[in-house]
Amino acid sequence: MHKKIVFILLLGIVFNCKNETTSNKEITINSSKTDYTQFVNPFIGTSKMGHVFPGATAPFGMVQLSPQTNFEVMHNEDGSYNTETYEYCAGYQYRDSTIIGFAHTNFSGTGHSDLGDFLVMPSTGDLVLDPLETKEGNKGFYSSFSHDNEEASPGYYKVDLDSYNIKAELTASERVGFHQYTFPKSDDAHIILDLVYNVYHHDNKNVWTFIRVENDSLITGYRQTKGWARTKKVFFAMQFSKPFKSYGHKKYDEIKYDGFYRRFKQDENFPEMAGKDIRAYFNFDTEEGEKINVKFALSPVSTAGALKNLEAEIPHWDFNKIKEETKEKWNQELSKIEIETLTEADKTTFYTAMYHTNLSPILYEDVDGQYRGLDQNIHQSEGFTNYTIFSLWDTYRALHPLFNLTQPERNNDMIKSMLAHHDESVHNMLPIWSHYANENWCMIGYHATSVIADAMAKNVGDFDHERALQASVNTANVRYFDGLGDYIDYKYVPDDLSHSSVSKTLEYAYNDWCIAQMAKQVGNSSTEEEFMQRSEYYNNVYDPKIGYMRPKLSDGTFRKNFDPMDTHGQGFIEGNAWNYGLYVPQNIDKMVDMMGGKERFTQHLDSLFTMDIDEKYIEKHEDITRDGIIGNYVHGNEPGHHIPYLYNWTGHPEKTQARVRMIMDTMYGPTVEGLCGNDDAGQMSAWYVFSSLGFYPVTPGSADYALGSPLVKEAKIHLDNGKTLTVKANNQSKDNIYVQSVSINGKTLENNLLSHQDIMNGGELVFEMSNQSNK
């Protein structure tokens, strides 16, 4: 047995750890002593389209240690896209009855995917290294399981692996996954490390994998993949609580050249493993009921970084201690909003939504502050903690505005992370959709500008406003990005030159308004004027003859073959002219007037929620399904999330109140199907949190929220400045969905708007509820 003493692990004890590390802070017990984790059900949304995972993670943790229930590859044998891949964006579907292992990285709620790094699976009996089926057609190493013997809560997951009579338990700190496996008596017990497996796997996804067996209980390594993130490297350190008696691996790629390594019998008990596709195994003898624990640390930097993270966060083998500490971290986050609800089901739905809003963006640096940058170099964070996973087309709408209330320090760090991304970008751009030191260019717009403008409008953070403005201006002038040069030249995106032309024009115009607001704050009048002019470009894609936003060609004419109901190929991305065309959040009053005035606009909204949309108009979009549709309003996708609140601008706030309550009742719930669409990194859940409280950020970048109809009876929002805003819904009931009046600290609100400053002042926000509407 190879038993080299690992010098670097010993050194890890004396490395300086960055003070900002969450796990190094003293954990503050929430004052009420209420266990808010009891109201969270991580299985909500794990069926169908929610794309969330049930596994163990700390708030905003780098590790998401979660079961994977199937292995779907991206492409069919003929090279076509395998549509079933989409169902496994988080690696887990509740309908499944098999588990193939536990992966350490998972997206929450996305509509495209990646990750699934470092799959670990315990087994007994004959060693099998194929997850689903062997070449001979025999059973793979997967295990059957029953939901009756499955349990999940914030920071903890447990399941019985029935095929092996093994109980699996998982918990995690920010950077370290902690496994506990209770084995039966066996002289053929195994723990498999599968480095082939990926979420959204394809034949060439793995670029290289590497493992070192440092001694009889510690291994280190890394994997580089080419997927949604084009160049993704993740490093690890894996430590066992018990020495393994033997080990080995199998390569699944063709070896064309192996140098003089061919001298060795590398597949058994050889302490280096390297190749494109590798599955390793570690063998044990076990007694009945014996526990083998595994600590699995991640790093974006190096295996040395992973070892430092391991030593700093879990230097012991006390599984329950980490489980309880992580539970308390979750209680700290969940207790920031205390609620009273009409039903226990509403409380579960609310706190699970809160839970989902605290899963990402994720921490992306080692305990010493080192992280891998967009330039693939190693950087040191100075004055901030680095984060990644910025699903900005989704999360600028409500998630980041929610952070300005519940996570202002973190949102400040996230903005500084975006500015670091800009500085490391060869394009001189803020992130569009970024993860793991990669820009993946998903979706449209440059919505980091919205996140920054919203923080500035609400006086959140100490980031450099001038630097943020310049980074935003730089981003908005990269001409080769997604039709942006044409947008600047034509004052709209021509449909014959770029896809999704109307959506791009509308979103660029809103982003430009955000930049103008930044410029106004820092006193840069010329930039403010320039971008205010650009923010009006939405006018250029409105066709008053038909009353819709419509694709316009480079010759200045509107496209002739146009169907405002179709969501495919009509100038809109994941939407149509009926719904996506209602996107001018920077000037809603003008949009209403432009589209025929208040009554005409009200009629359009009424029809949107009550009309039928034929299947042919949505069948080409996997992100739009019947589960998330009300009429032609699509709540299961983000572009329409502000629409129910637009009645406030037409003189019919009572219709906003009715629609919002109906959406909360029908599109969310406390079951595995309780999300009507992808949670999209927390955006869907953030909509629910805001709407339950009675207000929503229709225009991020402004300091106002639109009023709705609260679902809670009472809520206490504990603010970072030490004050508390208590939301009260007097006469609240299932039928009393209408608001008769709203007051803040005794002052009646007249215009259906609530200011951020009123919230930050604390006090009482009182809704008088009734079953009768009050226009």
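Me: In this structure, in which crossing does α14 pass α15, left-handed or right-handed?
Reply: The model is a predicted one. Helix α14 covers residues 598–610 and helix α15 covers residues 653–667. The crossing in which α14 passes α15 is left-handed.

Me: Which residues of α15 make the contact with α14?
Reply: On the side of α14, the contact is made by Thr602, Asp606, Phe609 and Thr610. These residues meet a set from α15, namely Lys655, Arg659 and Ile663.

Me: Why are α14 and α15 described as roughly parallel to each other?
Reply: The axes of α14 and α15 come within 12 Å and cross at roughly 20°. Angles under 35 degrees count as roughly parallel. The two helices are therefore classed as roughly parallel to each other.

Me: At what angle do the axes of α7 and α9 cross?
Reply: Helix α7 spans residues 408–424, and helix α9 spans residues 465–475. Their axes come within 10 Å. The two helices are oblique to each other, and the crossing angle is roughly 50°.

Me: How do the residues of the contact of α7 with α9 divide into nonpolar, polar and charged?
Reply: From α7, the contact involves Leu419, Ala420, His422 and Asp423. From α9, Arg467, Ala468, Ala471, Asn474 and Thr475 take part. The residues of this contact divide into four nonpolar, three polar and two charged.

Me: Which strands are the edge strands of the open sheet of nine strands?
Reply: The order of the sheet is β6-β7-β8-β9-β17-β13-β12-β11-β15, with antiparallel pairing. An edge strand pairs on one side only. The edge strands are β6 (150–153) and β15 (272–275).

Me: In β17, which residue is the bridge partner of tyrosine 181?
Reply: Strand β9 comprises residues 176–182, and strand β17 comprises residues 291–299. The two strands pair in the antiparallel sense over seven bridges. In β17, the bridge partner of tyrosine 181 is isoleucine 292.

Me: What angle does the direction of helix α2 make with that of β17?
Reply: Helix α2, residues 303–313, packs on the sheet. There α2 touches β9, β12 (218–225), β13 (232–240) and β17. Its direction makes an angle with that of β17 of about 125°.

Me: Which strands does helix α3 touch where it packs on the sheet?
Reply: Helix α3 is formed by residues 319–334, and its direction makes about 50° with that of β8. The strands touched by α3 are β7 (156–161), β8 (166–172), β9 and β17.

Terms used. Residues are numbered from 1 along each chain as its sequence is written. This is a predicted model: local features need pLDDT of at least 70, side-chain atom pairs count only at pLDDT 80 or more; totals for chains, interfaces and linings use all residues. Side-chain values use heavy atoms; hydrogens and water are left out. Axes are lines fitted to C-alpha atoms, for helices over the stretch in contact, and angles run from 0 to 180 degrees between N-to-C directions. Helices (H or I, at least four residues) and strands (E, at least two) are DSSP runs, numbered from the N terminus. Angles under 35 degrees count as roughly parallel, over 145 as roughly antiparallel, 65 to 115 as roughly perpendicular and the rest as oblique. A crossing is left-handed if the near helix is turned anticlockwise from the far one by less than a right angle, and right-handed if clockwise. Contact means heavy atoms within 4.5 Å. Two strands pair if DSSP finds at least two bridges between them. Ala, Val, Leu, Ile, Met, Phe, Trp, Tyr, Cys and Pro count as nonpolar, Asp, Glu, Lys and Arg as charged, and the others, Gly among them, as polar.
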